[in-house]
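The sequence and structure are shown below.

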Amino acid sequence: MEDPIKSKIQSTSKETRQDILGRCLTYLCIGLIVAIVLSIFIFVASKGIATFTVNKASLWEFLTGKNWNPTVTDASGKPQLGALPMITGSFGVTILAVIFATPFAIGTALYMTEVSSKKGEKILQSVIELLVGIPSVVYGFIGLSVIVPFVRTHFGGSGYGILSGSFVLFVMVLPTVTSMTVDSLRAVPRYYKEASLALGATRWQTIYKVLLRSATSGILTAIIFGMARAFGEALAVQMVIGNAAIMPKGLLSSASTLTSVLTMGIGNTVMGTVGNNALWSLALILLLMSLIFNIVVRLIGRKGRMD
Amino acid sequence: MDDFITTKDVHLYYGEKEALKGITLSFPNKGINALIGPSGCGKSTYLRTLNRMNDLIPGVKITGSIMINGQDIYSPKTDTVDLRKKVGMVFQQPNPFPFSIYENVTYGLRIAGVKDKQILDERVEQSLKQAAVWDEVKDDLRKSALSLSGGQQQRVCIARVLAVQPDVVLLDEPTSALDPVSSGLIEDMLLTIRDKYTIVIVTHNLQQASRISDKTAFFLNGELIEAGKTKNLFLNPERQETDDYISGRFG
């Protein structure tokens, strides 16, 4: 004869079944995400590597060559696949944009956390959120109609080039870097500030020697995130950089980035051809760079915790 | 005898709320003074008026006069930066900066513009010795202060204050977050520096007040109930509330 209490204890309760169901759902979601990320990676990698395996281009030539003309073969019968101009362009606009943006971002963040009233802080916060939400084509359009003529009149050249690109990206990464810097400044415990002031430090000394120093790893992370954003931005940059796939001679001459060449070219090539595979190789570089940015952020985070 | 710190009729308001209701109290030059009373009685608030840390809280209004070494610290001419160099403060939670021990102790000096390495080194050794933590940390001065135990951190924080050579040291329940052994070390340490500094300590621990202080003041609901020589206050309290509090009938 079955003991009713025994069978009740041994069977799974409704609550446990709910738990199991919930856990399965989360596993399913995470599984889907991992599958998508992996397949993107595999797809881009297999296409990107084809340039070197199928089309026999040399990796060294690809990374250091200065002539980009995938549809034309040179005297030895190889396509001209030198991506250095685009790599230079991408790094150029990214680094310049971040150099312009960082001081402004830190200044704004300090104003928001240390100087302004609660109300001013709220207003600035929404201004920054608004900046994040503006579509990049709008930034590109403003860049095209304001920044390009401005650069042309004040710096010379045609106005299209790395300088214009970095001005546009400066505005685009500023909100990212600022809001992350604000977060890292807010994360500095209040008692560090109190301790510093109680020792006779001025407000500026406290900001400079305690606040910024304690927030350094957070601020570096913010800068790297800004770089990742700038590096991956395509449309706005494409509209102002001039899109000449040649080695940039300076900040004012027409240039191109990895992303701009991709968006310009991907519709004009046929799947499986050299030209198409070469674009996939550029995409692979972009993917690897964002991976590197991510790893750097992790490393900084780990170091920040140890201090 | 001239008192070093004199406060007359000090009222403090947090917005509408009156947190201090006319405190008239003075402390002699050098020695340990204890402020006791139940939570929320205003003793920490009073302590923070002495180095104007309450200025940092928006909406605080203070009336009355507070003189330290003959100078009105709330006069418009007073520079809070200079004041806080003369009136150091140790907080309830150990709050070393996330820097090395050496940088923590020299912080006050470096912001005051002292660059001479020899002076800095001397002062670090001297203050860490005064704070009774030198033997434990002398080989690890470059290590992060956050790697120390809570009690060691608190003594480094005390050393950080002493390094600036203040006249007054304010301690806001410095041992309440620490274990009994660390508390004992800090009490012994305070007794060794009592003749060099004017010390004002807020404490919840009545035994601590009776063990180390020369003068004790009892606060209740924002008012000063009674103040006097520690021995007299604990053995022959004049007011009924004091008697009730020190004999554990409330608080």
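## Extent of the interface

In this predicted model, the contact draws 18 residues from chain A and 25 residues from chain B. The size of an interface is often expressed as the accessible area that is lost when the parts come together. Here chain A and chain B bury about 1900 Å² between them, and 64% of that area lies on carbon and sulfur atoms.

## Polar and charged pairs

The two chains are joined by 2 salt bridges. One of them is formed by Glu194(A) and Arg48(B), with the closest N and O atoms 3.0 Å apart. Between chain A and chain B there are also 6 residue pairs in polar contact, counted where both residues have pLDDT 80 or more.

## The chain A side

Two elements of chain A, α8 (190-198) and α9 (203-214), each give two or more residues to the side that touches chain B. Of the elements, α8(A) gives the most, with 7 residues. By residue class, the side of chain A that touches chain B comprises 8 nonpolar, 6 polar and 4 charged residues.

## The sheet of chain B

Chain B contains an open sheet of 4 strands in the order β2-β1-β4-β5, with antiparallel pairing. Its edge strands are β2 and β5 (71-72) of chain B, each of which pairs on one side only.

Which strands does β1(B) pair with? On one hand, β1 (residues 3-14) of chain B pairs with β2 (residues 17-28) of chain B in the antiparallel sense, over 9 bridges. On the other, 8 bridges join β1(B) to β4 (residues 60-68) of chain B, and these two strands also run antiparallel.

Towards β4(B), the residue opposite Tyr13(B) is Lys61(B). In a regular strand, side chains alternate between the two faces of the sheet.

The hairpin of β1(B) and β2(B) has 2 residues between the strands. Within this hairpin, Gly15(B) adopts a positive phi near 60°.

Key. Residues numbered from 1 in each chain as written. Chains lettered and ligands numbered in written order. Predicted model: local features only at pLDDT ≥ 70, side-chain atom pairs only at ≥ 80, totals over all residues. Heavy atoms only, no water. Contact = heavy atoms within 4.5 Å. Buried area = accessible area lost by both parts, 1.4 Å probe. Salt bridge = Lys/Arg side-chain N within 4 Å of Asp/Glu carboxyl O. Polar contact = N/O pair within 3.5 Å; in protein donor to acceptor, adjacent residues only side chain to side chain. Nonpolar A, V, L, I, M, F, W, Y, C, P; charged D, E, K, R; others polar. Pairing = 2+ DSSP bridges.
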